[in-house]
Amino acid sequence: MPSFKLLVEYDGSSFNGFQRQIGTAMYHAKSSNNTNADSTATSNATLDNNNNTANSGKKRKRSSKDNQNKVRTVQGCLEEALVKWVATTYKYKVTVPELRLRCAGRTDKGVHATGQIVAFDLPEQQEETKEMSEVDHGGSLSLSSVTSLSSWQIQRAINSRLPSDIAIRHVSSCASTFEPRQCVKQKTYTYRLRYRRKVWISRRTNSKNSADNAHKTNEINHQQQQSEQQLHPLCNGGGPQTLRSPHDPSCLWICPWPLDDCKIESICNGFQGSYDFSCFVHKSDRTKKDNTIHLDTFKVEYLQEQQQYSPPEETEDNDEKGNIVTNTSTSSSPSIVDVLFTLQANGFRRSMVRNLIGFVVDVMRGQVLDEDIPKVLLKDGGSNDKVTTIAKLIHSAPASGLCLAKVAY
């Protein structure tokens, strides 16, 4: 029984996670060019459904079971592609449970991957089916011949049956005992974030004396100036709509708040090492396992920085003689920054990476004080009440920026 290991990439934007769900069906709208046989089968299935609807005499309501059939998952698409490949190439039917498809990590809804590892088995053809194939096709079509195929041939065959937002990047043989999740030595996740850098500007407000007091001395007539610090207008009202571009990658979170990134590297470095990350684990999985994990790497890389045009600002001032003078000054606008977080560990718990990124963002927003940062790092564990209380300080970052980048064995 041959077994194979696949390196899989996918854009998770339109998937309801990796794991197959009950009644999962492949979404064909984004499908690449499939074989004529596959297209004919799809057309026939659609025609049968239309006939059934017409015969019913009335439009039936969509049930919860019908909604489940529309759920789109990465595993569901992979399994359907593999079943079609075997049926088309080797002329016999293999069931989804027989494939025994397993993965390195069950990514959540909206999470992307460039380094997902998937393994599956191809069971040997049953004797009864084998005899029928020999009669119909004039010879044996044993699956042993699949091992003679080049990796690129298998890659091409599977990719031709997958939708455009999933791709097999590499194929290799493996032992049937290989378990992608249990054999992991290190996982690497990345998170791409775009934000506007928080900039404070000095603004002077002039309070002029009334005309009735114009006869007073120049010292009294001079304007009274008050200096105050305030956020740049783009930071206050710019929002994510001033940061986006039609050429943005799908793996990106555009942060709606301005961020003070002067301490971003020290914050990330502070999480490296062995800690109890229970506060960062999804509440439904918080007590299932020991959440003490050694975080090998938590670093940030600046990808690009853009300067946005800021119109000149005019202010009025008084010279030594008391005359009003208009000053035109050009202040630097807040930069638009793209950063890439990289996290590496032997394993991660559910929602852990997104919660870590969300916490770092909250610190840069000023929502979490510096003295509160050590509270979330539990070296000796903590009671459930303590963990629950601290977890309220943590907000999860969106899935759109998260990517399973690499799995090492």
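Where is the place of S351 in the chain? The legends below take up this residue and several other sites.

**Figure 1. Overview of the predicted chain.** This is a predicted model, in which local features need pLDDT of at least 70 and side-chain atom pairs count only at pLDDT 80 or more, while totals for chains, interfaces and linings use all residues. Residues are numbered from 1 along each chain as its sequence is written, and side-chain values use heavy atoms, with hydrogens and water left out. The chain holds 11 helices and 14 strands, taken as DSSP runs numbered from the N terminus (helices H or I, at least four residues; strands E, at least two). Of its 409 residues, 40% count as buried, where buried means under 20% relative accessible area, exposed over 50% and partly exposed in between, with a 1.4 Å probe and protein chains only. Among contacts (heavy atoms within 4.5 Å) between residues at least 6 apart in sequence, 80% join residues at least 24 apart.

**Figure 2. Two loop residues with positive phi.** S351 lies in the loop between strand 13 (335-345) and helix 10, and although S351 is not a glycine, its phi is positive at about 65°. With a relative accessible area of 14%, S351 is buried. R100, in the loop between helix 4 (96-99) and strand 2 (102-103), likewise has a positive phi, near 50°, in a residue other than glycine; R100 counts as partly exposed, at 34% relative accessibility.

**Figure 3. The packing of helix 3 against helix 6.** Helix 3 (residues 74-89) and helix 6 (residues 151-159) pack at an angle of about 110°, with their axes 9 Å apart; the axes are lines fitted to C-alpha atoms, for helices over the stretch in contact, and angles run from 0 to 180 degrees between N-to-C directions. Helix 3 is therefore roughly perpendicular to helix 6, the term used for angles of 65 to 115 degrees. The contact is made by A81, L82 and W85 of helix 3 together with I154, A157 and I158 of helix 6. By class, this contact has six nonpolar, no polar and no charged residues, where Ala, Val, Leu, Ile, Met, Phe, Trp, Tyr, Cys and Pro count as nonpolar, Asp, Glu, Lys and Arg as charged, and the others, Gly among them, as polar.

**Figure 4. The largest nonpolar core and helix 10.** The largest nonpolar core has 84 residues, and those with the most contacts inside it are W85, L193, F271, F280, F298 and F341; such a core is a set of buried Ala, Val, Leu, Ile, Met, Phe, Trp, Tyr and Cys residues joined through side-chain atoms within 4.5 Å. Helix 10 (residues 352-365) gives the most to this core, with nine residues. D362 is also placed in helix 10 and is buried, with a relative accessible area of 5%. Not counting residues up to four places away in sequence, D362 touches Q367, V368, L393 and H395.

Figure 5. V171, in strand 4 (residues 166-174), counts as buried at 5% relative accessibility. Apart from residues up to four places away in sequence, V171 touches F4, K5, L6, S151, I154 and Q155. R197, found in the loop between strand 5 (186-196) and strand 6 (200-207), is 137 residues from P334 in sequence and 5.5 Å from P334 in space, C-alpha to C-alpha. Leaving aside neighbours within four places in sequence, the contacts of R197 include C235, D261, Y302, E305 and P334.

Note on methods
Angles under 35 degrees count as roughly parallel, over 145 as roughly antiparallel, 65 to 115 as roughly perpendicular and the rest as oblique.
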